Amino acid sequence: MKVVFAGTPEFAAVALRALHEAGFEIPLVLTQPDRPAGRGMQLQASAVKQYALAHGMPVAQPLSLRMDAKDPQRAEEARAAHERLLALDYDVMVVAAYGLILPRSTLDIKPCINIHGSLLPRWRGAAPIHRAIEAGDADTGVTIMGMEEGLDTGPMMLIERVAIADSDTTGSLHDKLAALGGRMIVAALRKMQAGQLEAVPQPEDGVTYAAKISKEEAKLDFTLAADVLWRRVRAFNPLPGAHGLVDGVTVKVWNAELAPGAGTPGQVLAADAAGIVVACDSGALRMTELQKPGGKRLAASEFLKSFPLDGKVFS
């Protein structure tokens with residue numbers, strides 16, 4: 001079976017590696033163009049491109065796949081990609097966190113299968129892992145689905161659940177789901193080869209949308225309940241990183257836990273080796289790992305040596 005793969009970040013690279021190691025032939029990899037990254041803002045290849053080039057796979061990086069794009073360059077690159085796919089000998093396209101819309105013209109060439117990091121129809125959209133943690137879901141998972149023009153509306157082929165632990169962050173849960181997605185897509189394609197891959201429509205009930213995370217959301221609002229902020233700290237770790245302001249300084253909060261306590265929202269109730277306890281609308285949040293601008297992530301005990309917080313207020 002020959003597989004065209006479309007994906008960009010590490011979540012997708014894990015799936016590409018699983019397909020490659022399982023012996024599937026990959027005649028083309030689609031990934032987003034290189035982007036500026038790091039302090040030097042130098043162009044950096046995606047995780048998918050890095051893996052593909054390291055293993056001799058052809059790579060294409062069109063700005064768009066929409067041939068009707070208003071921008072002439074995007075439209076031209078889309079037409080070139082479309083012609084390349086039409087001429088290519090392949091059986092199926094596998095898509096994982098690609099980041100570009102697949103138009104009908106692409107979907108109609110060959111079957112397209114998507115690896116989605118949620119239990120569809122819950123958390124369709126861009127940030128399913130973040131939103132599952134933020135909402136306090138007990139579990140999540142991976143759905144292998146057929147692709148349609150709608151946003152994650154296609155029929156489900158395989159689905160597996162993963163419990164969300166109280167210690168899970170988006171980073172740790174991402175890694176679990178990426179590994180699971182890699183195993184599942186290999187299983188799905190083997191079923192497809194054997195003519196045993198079935199698809200069922202998504203239920204109409206239970207649809208939710210996982211909107212893209214904005215930096216503004218990551219600012220902690222201590223007028224909310226402590227359990228809400230605890231979930232947000234975990235949901236926004238590692239990106240965009242939950243934070244609060246102390247005397248006009250942005251302090252990132254990487255890890256936290258619920259704590260007893262009451263006071264004016266934002267008031268520091270205790271600051272010691274166990275953590276920085278801050279009052280919320282109900283309950284309190286104990287911050288255990290923090291970072292100041294230009295500094296390193298530090299345990300609370302180390303952070304307090306250079307940034308005392310006794311009597312301070314988070315805003």
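Analyst: Let us start with a pair of residues: His243 has Lys252 in S13 as its bridge partner. Keep in mind that this is a predicted model.

User: What makes S12 and S13 paired strands?
Analyst: Two strands pair if there are at least two bridges between them. Strand S12 (residues 243-246) and strand S13 (residues 249-259) are joined by 4 bridges, so they meet the cut-off of at least two. The two strands run antiparallel.

User: What do S12 and S13 form, and how many residues are between them?
Analyst: They form a hairpin, with 2 residues between the strands. In the turn, Asp247 has a positive phi of about 50°.

User: How do you know that S13 also pairs with S16?
Analyst: The same cut-off of at least two bridges applies. S13 and strand S16 (residues 284-291) are joined by 7 bridges, therefore they count as a pair. They run antiparallel, and Leu258 has Leu285 in S16 as its bridge partner.

User: Which annotation covers this part of the chain?
Analyst: An unreviewed UniProt entry gives "domain: Formyl transferase C-terminal" for residues 212-307. Over residues 212-307 the chain is 18% helix and 36% strand, with the end C-alpha atoms 33 Å apart.

User: And what does the record say about residues 1-189?
Analyst: There the unreviewed UniProt entry has "domain: Formyl transferase N-terminal". Over residues 1-189 the chain is 35% helix and 25% strand, and the end C-alpha atoms are 8 Å apart.

User: Why are H1 and H2 called roughly parallel?
Analyst: Two packed helices are described by the angle and the distance between their axes. The axes of helix H1 (residues 10-21) and helix H2 (residues 47-54) come within 7 Å and cross at roughly 25°. Angles under 35 degrees count as roughly parallel, so H1 and H2 are roughly parallel to each other.
Analyst: Their contact is made by Glu10, Ala12, Ala13, Leu16, Arg17, His20 and Glu21 of H1, with Ala47, Val48, Tyr51 and Ala52 of H2. These residues divide into 7 nonpolar, 1 polar and 3 charged.

User: What makes a residue count as buried, and what percentage of the protein does?
Analyst: Buried means under 20% relative accessible area. Of the 315 residues of the protein, 48% count as buried.

User: How many helices and strands does the protein have?
Analyst: The secondary structure comes to 8 helices and 17 strands.

How values were computed
Residues numbered from 1 in each chain as written. Predicted model: local features only at pLDDT ≥ 70, side-chain atom pairs only at ≥ 80, totals over all residues. Heavy atoms only, no water. UniProt positions renumbered as here; feature names shortened; annotations may be inferred. Axes fitted to C-alpha atoms, helices over the stretch in contact; angles between N-to-C directions. Parallel < 35°, antiparallel > 145°, perpendicular 65-115°, else oblique. Contact = heavy atoms within 4.5 Å. Nonpolar A, V, L, I, M, F, W, Y, C, P; charged D, E, K, R; others polar. Buried < 20%, exposed > 50% of the residue type's maximum accessible area, 1.4 Å probe, protein only.
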